[in-house]
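Please open the model in a viewer and keep the selection panel at hand.

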Amino acid sequence: MRIHIATDHAGLELSRRLQDHLIDAGHEVVDHGPQSYEPLDDYPGFCIAAAEAVVRDQAAGIDALGVVFGGSGNGEQIAANKVTGVRAALVWNESTALLARQHNDANVISIGARQHPEDEAISFIDAFIAEPFSQDERHIRRIGQIAAYEASRSTDA
């Protein structure tokens with residue numbers, strides 16, 4: 001699977017360790033930045049680039065997901081969710097990682113790098129990547145409603 005990663009300065013070290021972990025697990029990793037530590041960096045561009053790449057890959061039939069990091073993960077999730085077609089979930093435990101895939105068919109997760117030890121964050125990501133979407137009709141319907149709103153900006157769609 002191709003995994004797109006982006007972060008801000010708070011998640012840079014975790015991002016580097018995660019990339020090694022994912023490559024060792026046989027995944028292709030695409031790093032959308034940053035490449036060096038800058039305490040005043042602006043994460044939105046990195047996260048948006050990763051989110052856009054996930055959507056592009058999925059539209060092309062490539063098995064891809066995204067992971068974005070920040071101090072809390074909140075801003076990174078917000079930035080990723082601005083990309084049409086992205087369903088980014090803030091994950092803070094294994095259950096939220098699994099449910100993001102099972103119920104929401106999330107294609108990006110966001111994690112607060114300052115909120116979790118490295119091994120815990122990696123376990124969330126591994127669970128997210130391994131978990132399939134349930135294909136349950138109610139979840140498909142709800143995701144469709146969100147996509148319709150995203151396209152029309154109306155709840156009447």
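A pocket is here an open set of grid points with protein on both sides within 12 Å along at least five of seven lines, and its lining residues have an atom within 4 Å of a point. The model under view is a predicted one.

**First stop: the largest pocket**

Begin with the largest pocket, whose volume is about 250 Å³. Its lining comprises 15 residues, and those closest to the pocket centre are Val 86, Arg 87, Ala 88, Asn 104 and Ile 146. Next, colour strand 4 (88-90) and helix 6 (137-152), the elements that each give two or more residues to this lining. Which element gives the most to the lining? Helix 6 does, with six residues. By residue class, the lining of the largest pocket divides into seven nonpolar, five polar and three charged.

**Second stop: helix 4 and helix 5**

Two packed helices are described by the angle between their axes and the distance between the axes. Select residues 94-102 for helix 4 and residues 118-130 for helix 5; their axes come within 8 Å and cross at roughly 20°. Angles under 35 degrees count as roughly parallel, so helix 4 is roughly parallel to helix 5. The crossing of these two helices is right-handed. To display the contact, show Glu 94, Ala 97, Leu 98, Ala 100 and Arg 101 on helix 4, which meet Phe 124, Ala 127 and Phe 128 on helix 5. Six of the residues in this contact are nonpolar, none is polar and two are charged.

On helix 1, select Leu 14, Arg 17, Leu 18, His 21 and Leu 22; on helix 5, select Glu 118, Ala 121, Ile 122, Ile 125, Asp 126 and Ile 129, which complete the contact. The residues of this contact comprise seven nonpolar, one polar and three charged.

**Last stop: helix 2 and helix 3**

Finally, select helix 2 (residues 44-59) and helix 3 (residues 74-81), whose axes come within 8 Å and cross at roughly 50°. Helix 2 and helix 3 are therefore oblique to each other, with a right-handed crossing. Pro 44, Cys 47, Ile 48 and Ala 51 of helix 2 make the contact with Glu 76, Ala 79 and Ala 80 of helix 3. Here six residues are nonpolar, none is polar and one is charged.

Note on methods
Residues are numbered from 1 along each chain as its sequence is written. This is a predicted model: local features need pLDDT of at least 70, side-chain atom pairs count only at pLDDT 80 or more; totals for chains, interfaces and linings use all residues. Side-chain values use heavy atoms; hydrogens and water are left out. Axes are lines fitted to C-alpha atoms, for helices over the stretch in contact, and angles run from 0 to 180 degrees between N-to-C directions. Helices (H or I, at least four residues) and strands (E, at least two) are DSSP runs, numbered from the N terminus. Angles under 35 degrees count as roughly parallel, over 145 as roughly antiparallel, 65 to 115 as roughly perpendicular and the rest as oblique. A crossing is left-handed if the near helix is turned anticlockwise from the far one by less than a right angle, and right-handed if clockwise. Contact means heavy atoms within 4.5 Å. Ala, Val, Leu, Ile, Met, Phe, Trp, Tyr, Cys and Pro count as nonpolar, Asp, Glu, Lys and Arg as charged, and the others, Gly among them, as polar. On a 1 Å grid over the protein atoms alone, a cavity is a set of points where a 1.4 Å probe fits but cannot get out, and a pocket is an open set with protein on both sides within 12 Å along at least five of seven lines; lining residues have an atom within 4 Å of a point. Grid points are joined across faces, edges and corners, and a volume is the space filled by probe spheres set on the points.
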